[in-house]
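User: I would like to learn how to read strands, salt bridges and interfaces in a model like this one. Could you take me through it?

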2 protein chains.
Amino acid sequence: MVLSQTTPWQRIAAELRAIAGADAVVSDESERLVYECDGLASYRQRPPLVVLPTTTEQVAAILKVCDRYRIPFVARGSGTGLSGGALPMADGLLIVTSRMNQILSIDLDNQQVVVQPGVINAWVTQAVSGAGFYYAPDPSSQIICSIGGNVAENSGGVHCLKYGVTTNHVLGLKVVLPQGDIVALGGPVADQPGYDLTGVFVGSEGTLGIATEITLKILKTPEAIAVLLADFTTITAAGETVSAIIRAGIIPAGMEIMDNISINAVEDVVATNCYPRDAGAILLVEVDGLAAEVPLLQEQIQRICYDNGSRTVAIATDIEERLKLWKGRKAAFAAAGRLSPNYFVQDGVIPRSQLSQILDQINILSETSGYRIANVFHAGDGNLHPLILYDETIPGSLEAVEHLGGEILKLCVQAGGSISGEHGIGSDKRCFMPDMFSAADLETMQALRAAFDPKHLANPDKIFPTPRTCGEAAHSSIIDLPGEVDIF
Amino acid sequence: MVLSQTTPWQRIAAELRAIAGADAVVSDESERLVYECDGLASYRQRPPLVVLPTTTEQVAAILKVCDRYRIPFVARGSGTGLSGGALPMADGLLIVTSRMNQILSIDLDNQQVVVQPGVINAWVTQAVSGAGFYYAPDPSSQIICSIGGNVAENSGGVHCLKYGVTTNHVLGLKVVLPQGDIVALGGPVADQPGYDLTGVFVGSEGTLGIATEITLKILKTPEAIAVLLADFTTITAAGETVSAIIRAGIIPAGMEIMDNISINAVEDVVATNCYPRDAGAILLVEVDGLAAEVPLLQEQIQRICYDNGSRTVAIATDIEERLKLWKGRKAAFAAAGRLSPNYFVQDGVIPRSQLSQILDQINILSETSGYRIANVFHAGDGNLHPLILYDETIPGSLEAVEHLGGEILKLCVQAGGSISGEHGIGSDKRCFMPDMFSAADLETMQALRAAFDPKHLANPDKIFPTPRTCGEAAHSSIIDLPGEVDIF
């Protein structure tokens, strides 16, 4: 195809301006630099062209342009993802959903809200909290991350033990498929007939299309909430307490463990004065429910903590006291930045019963490698977040730390767990997929992907190591699209 | 392909005997008649050949035979399905999983059980109840229906309001794909990376392959259970009470409504002496939880019932009293058989807020058509089960009643609901799929189906009206396989 005197990207930019308006297309080099990475800043790629549509119809028209010229595309919400799922491509279009930021409808009777993908997670709760409702999934980036990104990554959060992750709260989706068709998946009632395509789409990391309307389930705000902080001399005792609470038939809203390194890091930085510096670990438990029910639950949990060796158990019920107990946990990742010049956050899952054993093995890996590892994690879900501390100015340290992170993931898989709890695979963990899935399993996923995206244009480099080798792009354009060179 | 002197089915039977043993193959005509229908007895088809494998490897070898000769196949568990999902084909193999009846492992620490597909639903709870656990989904056929069938149909039940349907309790699957490959979907930890193929497979009605190992989540048995029976002068008041209970932030284990016709039918048959014959409707509410929590919940629900016009509220906490209150509900379908020579059960879903409006519309349909309709339903989920009463000896009555059932489904779709709550689409409701889904939506599902089953051999006539017209088979064999004729 001959595209007259203009460069191919200039021609495409003109088509996109005709679709979405002149202000929707970012071609200026410095403006494009803003989009070169997401929360995984170690991977960077400047996109050749960025478009910010506002409607489903614009997204459909844009994907039809991509389909016509075989241009791969990457969708991006707020760019807070931690696995490089929104990493741009050198020869692909970046489609940013941040201007699709409207809450389209609120139905309190049926407890659902329809939003555009650029709506920020925390806005949903803000919009319905006055009427006594909230949106449960709460990734720690919730004041900035978008619902579209949450859908792509199937995001979790501290309170997902009881209420589940994003997939448990998405009832339906309007999706633009990679060839530009608009389809409705799921809908206002749960468990519809036909294949559960809503469930497939949630967590598909932008590889099956772009969600342009999302129907979310909202929950009744609990009447009462209590937070318990128990401290233990060993992390093993904290882990066993978690199992004992679950065994008692209690499902807290959240259960978090922080180890001694993390406790001291947060006390150095935010001085909660609640986290004993000599504790082997602390356990934070949040319970919610009816006003008459919560006091009973907190008593029962307190008893279980003491039965399992807790030295002290603090309980907070009013909001200020609760936030005080949570303060250190919320500051944990930031505080880790004070412990060493750099840190690497891993995200893996193990069956809850293996908690103590895996923590011991991580400890051994830390000692043999010489890198300190802080452990802060969603203990109730078995979702570990080891923070490996290092100094990137020491040559080879990043590589060593990435290797160590990989060894931890392999421990998780060996224990029957998973290489990702809530951060996704993205660009970062593609090489570990064969550790977790057989060739036949991965082929089945790829067959599904091809059914949605036969030309392999939707975020093609993400999730899978195949069909090409790890790190190599798996697509090709029918027109010659220059990448890194500035073509405007 | 020339198959020597034997008929094609004889040759295939010989291959299947070599795979699964002589006693695993049913070719005798009278024995095959047993399998000619499932719970939807109005559709019947004698299968030309039946095989009952015992292992995953046998299933894989059998599907490779089907693939080689392009023989379509239908999987069947206990055959209790109500939508004809296990209806055999005149030219297809019937694969019965009832001999795959082993509980393979029980892991109480991680609250999961691995079973073969022929394991009966109630056996799972029986196997773990001594240790204080149970399996939540409880279709009314639970003492006979199989877990494999539950997975195929994404079965629900009376207690699924709080705990969700089958898909919420399946962590992983070993599946034999239609071409004979064995894959693992999901696994012991929830929310794994990659596409949620477990979620797609659950509810796929046998069209994507055969599950041969199923990892189920088990729950801690609640400490306490209470059942409340409230009676109302109108069904509208009962419906409004359901909404008021949910609005109060309470999620009961189950909430069921029975109308006046149903109440009188069960009192005639089982004489519970608890269901007032003059009530417009009764509401049954079951709550469960900690021993200290349940009394508070029952008090609160009782108050809400009275606030919404209930005349009396009976409460039962010990098991015998609870079963007495449930007795009439459990007998409702059987009792309907006494009201008229025949009845037709419909299964549709509406958003809970539309309950009163739809019940009014069903009442109008009943009056204009002249057919009485009894309503017994999972009110908390908005899952209706209207029972249309008729006499099949009156010419044209079955057709009229099927038409009336279709009109009710269309009302459900118009209200933003669904054409099936828990019985599946199967053979019965394929023609209604276009009422609920657009052509693009159905094409997306078909593309997914083709990714799993490119030769379209797995239960090919079910779920979808396309690619052929309704009621016509959508497959072809490469060998000439006689159907109805007895070839043995």
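Analyst: Helices (H or I, at least four residues) and strands (E, at least two) are DSSP runs, numbered from the N terminus. This is a predicted model, in which local features need pLDDT of at least 70 and side-chain atom pairs count only at pLDDT 80 or more, while totals for chains, interfaces and linings use all residues. Residues are numbered from 1 along each chain as its sequence is written, chains are lettered from A and ligands numbered from 1 in the order in which they are written, and side-chain values use heavy atoms, with hydrogens and water left out.

User: How many bridges join strand 5 of chain A to strand 6 of chain A, and in which direction do they run?

Analyst: Strands of a sheet pair through backbone hydrogen bonds, either parallel or antiparallel. Two strands count as paired if DSSP finds at least two bridges between them. Here four bridges link strand 5 (residues 103-107) and strand 6 (residues 112-115) of chain A, and the two run antiparallel. Within this pair, A:Ser105 stands opposite A:Val114.

User: What is the strand order in the open sheet of chain A?

Analyst: Its four strands have the order 1-2-4-3, with mixed pairing. Strand 1 (25-26) and strand 3 (73-76) of chain A are the edges, each pairing on one side only. Strand 3 of chain A runs parallel to strand 4 (residues 93-96) of chain A, joined by four bridges, and A:Val74 faces A:Leu94 across that pair.

User: Which residues meet A:Lys162 in a salt bridge, and why does the pair matter for reading the fold?

Analyst: The rule asks for a side-chain nitrogen of Lys or Arg within 4 Å of a carboxyl oxygen of Asp or Glu. In one of them, A:Lys162 meets A:Asp288 at 2.7 Å, N to O. A:Lys162 belongs to helix 6 (residues 160-163) of chain A and A:Asp288 to strand 14 (residues 281-289) of chain A, so the pair ties together parts 126 residues apart in sequence.

User: How many residues does each chain bring to the contact between chain A and chain B?

Analyst: Contact means heavy atoms within 4.5 Å. Chain A and chain B bring 63 residues each. Buried area is the accessible area (1.4 Å probe) that two parts lose on being put together, summed over both. Between these chains that area is about 4900 Å², with 63% from carbon and sulfur atoms. B:Asp191, B:Pro193 and B:Tyr195 supply 16% of what chain B buries against chain A, more than any other three residues.

User: What polar links cross between chain B and chain A?

Analyst: A polar contact is a pair of N or O atoms within 3.5 Å; within protein, one must be able to donate a hydrogen and the other to accept it, and residues adjacent in sequence count only if both atoms are side-chain atoms. Ten residue pairs qualify, both partners at pLDDT 80 or more.

User: What rotation superposes chain B on chain A?

Analyst: Copies are superposed by least squares on the C-alpha atoms of residues with pLDDT of at least 70 in both. A rotation of 180 degrees, with 0.0 Å of shift along its axis, does this at an RMSD of 0.0 Å. That is the relation of a two-fold axis. The same surface serves both copies, as 100% of the contact residues of chain B recur in chain A.
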